[in-house]
Amino acid sequence: MAGCAAIVPVLVAAAPFGVLMGALARQKGLSPLEVGLMSGTVFAGGAQFVAVGLWTTPAPWLFLALTALLVNLRHVLMGASIAPHLRGVRGEGALLFFLADEVWALALRRALGGRLTAAFYLGLALPLYLNWVLFSLVGAVLGDRIGDPARFGFDFAFAAIFIALLAGMWRGPADLPPWLASAVAATAACLLLPPPWYILAGALAGMAAGALRPPPSAPATVPP
Amino acid sequence: MSLDPRTLLAILGMALATYLTRVAGAWFVRRVALRGRASGALEAVPGAVLVALIAPTVLATGPAESLAALVTLAAARRLPLVLAVLLGVAAVVACRALLG
């Protein structure tokens, strides 16, 4: 149940966004059944917001699927970084279905501070999944009768969660080059390119900086 | 309760695309042993992705968000995650009210 306790702040922050996503989808002509089906099978907040924003009737399904692929490309990197910690855990393919940003970040923190179990991972994932499906349904049923989550600072809650997790991930000055490279590249991409690209730009710049430093676990094989 | 076939197709397409991104990375690192620079790049992924997720909010939104980010960071060094997040959200609401 330690996973359930860790995910509570995320549940509180995500609920109003589920409501907002459901309401926006309803305005685009999706029924509550369709909204619930989307949240239950896709389970990716960012991709669902972008897709709903682009939604037209009849649905341009291939375009919407490719949009989801693009917005979620960061999950390829997240999956690669969490996979070594899921080695030997049964049902990995099912666990990875739930790899939302917050599940990834909290599961990785657990793995770095000890051992990640399927129970802990599901303790994070299942409450967040039910929370997202439930509140997007609430939004779809309420439709227009909702406010803007930014009014109460909810929009900043996700940034605050990621900042707090980042603070706990600091190992030493060797982390600085990848973090700085990512910050510069992501900010520049955010100002110059459409929304989904900044995450990949930052991640790739950080990886490039990480590749240039000798990894502590394996000494560089290049002779001096 | 209506279910339009084109909408259903779009939802299932999005679900498949999302699932593929979530399993692809794990599938790849299972089959390819990463050493040297590639392993350095992979070790940089968690921090770099987290920084990229927050950078536009922290650096390019406004002084209220930048200040609240500093408050969150300082709080997270000393307090449990929940309290740091609560302080950060309170700080952004206060800064927005004060700074406009």
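## A bridge between the chains

Let's start with an arginine: R30(B) has a relative accessibility of 32%, so this residue counts as partly exposed. Please keep in mind that everything here comes from a predicted model.

Which residue does the side chain of R30(B) meet in a salt bridge? The partner is E92(A), with an N to O distance of 2.7 Å. Because R30(B) sits in helix α1 (residues 5-31) of chain B and E92(A) in helix α6 (residues 92-97) of chain A, the pair joins two chains. On the chain A side, E92(A) counts as buried, at 19% relative accessibility; the cut-off for buried is under 20%.

## Salt bridges elsewhere

Over all chains, a search of the whole structure turns up five salt bridges. One that lies in chain A pairs D175(A) with R171(A), and their closest N and O atoms are 3.0 Å apart. Are these two residues buried or exposed? D175(A) counts as buried, with a relative accessibility of 4%, whereas R171(A) counts as exposed, at 58%.

In chain B, R96(B) and E65(B) form a salt bridge, with 2.9 Å between the closest N and O atoms. This pair links distant parts of the chain: R96(B) belongs to helix α5 (residues 81-99) and E65(B) to helix α4 (residues 63-78), and the two are 31 residues apart. R96(B) is partly exposed, its relative accessible area being 24%, while E65(B) is buried at 9%. Both residues also take part in a network of salt bridges that includes D155(A).

## The overall form of chain B

How many helices and strands does chain B have? There are five helices and zero strands, and the pattern along the sequence reads α-α-α-α-α. The radius of gyration of chain B is 20 Å, well over the 13 Å that the globule rule gives for 100 residues, so chain B is more spread out than a compact globule. Along the principal axes, the C-alpha atoms of chain B fill a box of roughly 55 × 50 × 25 Å.

## Surface and burial in chain B

Of the 100 residues in chain B, 48% are buried; E65(B) is one of the buried residues. The accessible surface of chain B comes to about 5,000 Å², and carbon and sulfur atoms account for 71% of that area.

Notes
Residues are numbered from 1 along each chain as its sequence is written. Chains are lettered from A and ligands numbered from 1 in the order in which they are written. This is a predicted model: local features need pLDDT of at least 70, side-chain atom pairs count only at pLDDT 80 or more; totals for chains, interfaces and linings use all residues. Side-chain values use heavy atoms; hydrogens and water are left out. Helices (H or I, at least four residues) and strands (E, at least two) are DSSP runs, numbered from the N terminus. The radius of gyration is taken over C-alpha atoms; the globule rule is 2.2 Å times the number of residues to the power 0.38. Buried means under 20% relative accessible area, exposed over 50%, partly exposed in between (1.4 Å probe, protein chains only). Accessible areas come from the Shrake-Rupley method with a 1.4 Å probe; for residues, only the protein chains shown count as cover. A salt bridge is a side-chain nitrogen of Lys or Arg within 4 Å of a carboxyl oxygen of Asp or Glu.
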